[in-house]
Amino acid sequence: MTGAQRIPLAEHVADAVALLAASRRGEVVALDGRAVGRVAAGQQRALVDVPGHDNSQMDGYAVASADLPSAADAAVTLPLGETIAAGDGPGRLTSGTARPIMTGAAIPEGADHVVPVEESEAGSFHPAIGAGAGTAPGTITLTPRSTAAGRFVRPRGSDTHHGDTILRSGQVLTPARIAHLAACGLSDVEVEAPLRVIVLSTGSEVAADGAEREGAGLPDGAVYDANGPGLAAALTAAGAEVVHRGAVPDDATALVTRLRAQVTELDADLIVTSGGVSAGAFEVVRHAAAGDGVTMAFPSVAMQPGGPQGIGTLDLPDRRVPWLAFPGNPVSALLSCELIARPALGAPARRHLHLPVQLEGEESSPPQLAQYRRARVLPSGRVRLVAGSSSHLIGGLAAADALAIIPVGTEVVRDGDILETLLIPGGER
């Protein structure tokens, strides 16, 4: 990679994915709240059939279809056998009889049809069946609306067969998937372990943590650190574990020394920095890369905001620690995290829609870049841009719930043009 030529975002994301691949590892978690939202680290197969036996879809009477009238809606009276509740062993059905059966209960051998209790003469079970008292009648008169074999019978394995693949690597553990895994006999699941990340905001202008928040104590020219909290939150949302967050001045030696100590002490898997990657005279990450122990490339990515990027490693005696270096403007830093770090961490993909844009006038775009414009999805199904393209306008990003993508090669966007739109969490309600 070189810094002179713009590369597509997809190419840079692929480089980031490859860089972090060696740091990915799995861990096993129980199938409970700890698994929700985690990403599967491997394939899982069903240990059992679901359902594990033919069972009743209705409360009613298990019968053999051969014992029913030849025509629907004709009445038949059959002797009553033993009741089958859910969880009971099904046993057998004596030919020419009917057995009361509850929803979910196993179908007895010899039965292939369930007549709903509503299609019996009384329309409900006799009180003696189940928890009631008294003596059950010896026969039941049924008027089935259908006589077909298999009616209201859920066949064994009709949901899932033993050995079916029920989870694939990279899929997100949703409540439904967790329930499916449990139903298929699993009690835990292997998921991606969170990468341990150090987040540092670079720049001598960035106030250190703990600086007075009212502004009176902030030196002239200094700024509060927006990138550190924002990136830490975004990385956490993407499944990482932020083990340290701080700010460092424009001193390359101090930056590398601090990172070496923190990576070793905290056993970090990934470094994410903001600032120091552009074309200024005080670009601390670029200066650090000129010394020993840092291997870094600085591609110019064909995106706006966030074009200047850094990618490489901090080289330790026993390993190389991946390092993603983002631009310093807060919108550029957060969009870089969303578009580059998030997929590299294996986080679930965001939804993409194709929506007409709502504009009062034309919007221009540099044709050599893909613009990611802060936007809101309207109730009408259109998307409206909520801020300019400048990378310092963090308030616009805070109000957005989408990124409208103006593709490479587009010079002008007009009202009604269809834009690919990436949905992101947040925005006003």
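In helix α3, the residues Asn227, Gly228, Gly230, Leu231, Ala232 and Leu235 are buried. The elements that cover these buried residues include the strands β13, β14 (241–248), β15 and β20, together with helix α6. Just after α3, Gly239 takes a positive phi of about 100°. The model described here is predicted.

**The chain as a whole**

- The secondary structure of the protein chain comes to 7 helices and 27 strands.
- The radius of gyration of the protein chain is 32 Å, whereas a compact globule of 429 residues would have a value near 22 Å.
- Along its principal axes, the C-alpha trace spans about 95 × 55 × 45 Å.
- Of the 429 residues in the protein chain, 45% are buried.
- The accessible surface of the protein chain is about 19,900 Å², and carbon and sulfur atoms account for 51% of that surface.
- When contacts between residues at least 6 apart in sequence are considered, 72% join residues at least 24 apart.

**The six-stranded sheet**

- Strands of a sheet pair through backbone hydrogen bonds, in either a parallel or an antiparallel manner.
- In this model, 6 strands form an open sheet in the order β14-β13-β15-β20-β19-β16, and the pairing is mixed.
- Strands β14 and β16 (294–297) are the edge strands of this sheet, and each pairs on one side only.
- From one strand to the next, the twist of this sheet averages 20°.
- Strands β13 and β14 are parallel and are paired over 7 bridges; within this pair, Leu200 has Gly246 of β14 as its bridge partner.
- Helix α1 packs on the sheet and touches β15, β19 (310–315) and β20. The direction of α1 makes about 20° with that of β19.
- Helix α4 (residues 252–266) also packs on the sheet, where it touches β13, β14, β15, β16, β19 and β20. The direction of α4 makes about 160° with that of β13.

**The nonpolar cores**

- In soluble globular proteins, nonpolar side chains tend to be buried together.
- The largest nonpolar core of this model has 38 residues. Those with the most contacts inside this core are Leu9, Val197, Leu235, Leu324, Phe326, Leu345 and Tyr372.
- At least two residues of this core come from each of the helices α1 (9–21), α3 (227–237) and α6 (330–344). The strands β13 (196–202), β15 (270–274), β20 (320–326), β23 (370–377) and β25 (402–406) likewise each supply at least two.
- Helix α6 provides the largest share of this core, with 8 residues.
- Leaving aside neighbours within four places in sequence, Tyr372 is in contact with Leu9, Met303, Gln304, Pro305, Leu335, Leu339, Ala404 and Ile405.
- A second, separate core has 23 residues, among them Leu266, Val285, Ala289 and Leu314.

**The three-stranded sheet**

- Another open sheet is formed by 3 strands in the order β7-β5-β8, with antiparallel pairing.
- Strands β7 (99–101) and β8 (113–116) each have a single partner strand, so one side of each is left without a neighbour in the sheet.
- The twist of this sheet averages 40° from one strand to the next.
- Strand β5 (residues 60–63) runs antiparallel to β8 and is joined to β8 by 4 bridges. The bridge partner of Val63 is His113 in β8.

Notes. Residues are numbered from 1 along each chain as its sequence is written. This is a predicted model: local features need pLDDT of at least 70, side-chain atom pairs count only at pLDDT 80 or more; totals for chains, interfaces and linings use all residues. Side-chain values use heavy atoms; hydrogens and water are left out. Two strands pair if DSSP finds at least two bridges between them. Axes are lines fitted to C-alpha atoms, for helices over the stretch in contact, and angles run from 0 to 180 degrees between N-to-C directions. A nonpolar core is a set of buried Ala, Val, Leu, Ile, Met, Phe, Trp, Tyr and Cys residues joined through side-chain atoms within 4.5 Å. Buried means under 20% relative accessible area, exposed over 50%, partly exposed in between (1.4 Å probe, protein chains only). Contact means heavy atoms within 4.5 Å. The radius of gyration is taken over C-alpha atoms; the globule rule is 2.2 Å times the number of residues to the power 0.38. Accessible areas come from the Shrake-Rupley method with a 1.4 Å probe; for residues, only the protein chains shown count as cover.
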